[in-house]
Amino acid sequence: VDGILCLADILTDPSHSEATHAEAAAVIAQITSPHLTFTQHLSSFLENMEEIVTALVKLCQEASSGEVFLLASAALANITFFDTMACEILLQLNAMKILLAACSDKHIVDTPYSRDQVVTILANMSVLDQCASEILQGDGVAVLLSLLSPLSPLSPRSAAEAAACERVQQRSALALARLSRDPAVAQAATELSCIPRLIKLCRSPAERNNSDSVLVACLAALRRLAAMNPEELEDSDFQQLVKPRLVDSFLLCTNMEESFV
């Protein structure tokens, strides 16, 4: 029934309130969820993608609350899974700079859920070679490193919140692995001590909430950084994580229970 066109009209109409735009963003986030197994209903989405993505980026930039930012960024994150064209549009709209700036505003990016959306967009955009210079200009390597921080045991977390924290760590490491194809990013990551942080995440299961997905992403990032900075391999702990086959390094670090028969 042309609902996507209707949503695009609502999102792009400046006469509507921020709350209305946010509700439209919420609907877009739901219908573009990567967990949905059917996508026939999105055939008209590509035709309206550019104006929808543009409106969502504007909503992120001008969001007056963390909730509005979360809804807009969740829709953007899902769209970046849906089609790589979205990542190219985001790059043209200077979205990486906007998202990195939002990360430093605790009133806007105020929960693990909103950090999850931001880092998902950054990780998906990182497949584009042009993103490396954007990350460097926006001090994005430092932001990704901060998102690799350990899961705080100070406050009790719900299972959903703990899962969001794990996704933040995993996708931050994934973004670093992808971006470190660029020597300048790899150099910046090394200078900011990303390697010791990644090693600690691999070696200390509690730092990653025993998550194997975080472990695999950190090992991938370490291996990419090792390829770009072979002189760092003098550290024996680093060698153990990057020299053997990936599966061997994984088994060395994982918290899997051994079975003695």
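Here are some notes on this predicted model, point by point.

1. Let's start with the whole chain. You'll count 15 helices and zero strands in it. Of its 261 residues, 48% are buried. The chain exposes about 12700 Å², and carbon and sulfur atoms supply 54% of that area.

2. Next, who touches whom along the sequence? Take the contacts between residues at least 6 apart: 72% of them join residues at least 24 apart.

3. Now look inside. The largest nonpolar core has 81 residues. Which helix gives the most to this core? That's α3, residues 45–62, with nine residues.

4. Ile 79 deserves a look of its own. Leave aside the neighbours within four places in sequence, and Ile 79 is still in contact with Ile 28, Thr 32, Phe 45, Met 49, Ile 52, Val 53, Leu 56 and Ala 86.

5. The buried ones are Gly 140, Val 141, Val 143, Leu 144, Leu 145 and Leu 147. What do they pack against? The partners are α6 (95–103), α7 (112–125), α8 (131–137), α10 (159–179), α11 (183–191) and α12 (194–203).

6. Is Met 96 buried or exposed? Its relative accessible area is 1%, and the cut-off for buried is under 20%, so Met 96 counts as buried. Not counting residues up to four places away in sequence, Met 96 touches Leu 122, Met 125, Cys 131, Glu 134 and Ile 135. Take Cys 131: it sits 35 residues from Met 96 in sequence, with 8.2 Å between their C-alpha atoms.

7. Helices α4 (66–82), α7 and α10 each give two or more residues to its lining. The largest share, four residues, comes from α4. Among the lining residues are Ala 29, His 35, Phe 81, Asp 116, Thr 120, Arg 167 and Arg 171. What classes of residue make up the lining? There are five nonpolar, four polar and three charged residues.

Definitions and conventions: Residues are numbered from 1 along each chain as its sequence is written. This is a predicted model: local features need pLDDT of at least 70, side-chain atom pairs count only at pLDDT 80 or more; totals for chains, interfaces and linings use all residues. Side-chain values use heavy atoms; hydrogens and water are left out. Buried means under 20% relative accessible area, exposed over 50%, partly exposed in between (1.4 Å probe, protein chains only). Contact means heavy atoms within 4.5 Å. On a 1 Å grid over the protein atoms alone, a cavity is a set of points where a 1.4 Å probe fits but cannot get out, and a pocket is an open set with protein on both sides within 12 Å along at least five of seven lines; lining residues have an atom within 4 Å of a point. Ala, Val, Leu, Ile, Met, Phe, Trp, Tyr, Cys and Pro count as nonpolar, Asp, Glu, Lys and Arg as charged, and the others, Gly among them, as polar. A nonpolar core is a set of buried Ala, Val, Leu, Ile, Met, Phe, Trp, Tyr and Cys residues joined through side-chain atoms within 4.5 Å. Accessible areas come from the Shrake-Rupley method with a 1.4 Å probe; for residues, only the protein chains shown count as cover.
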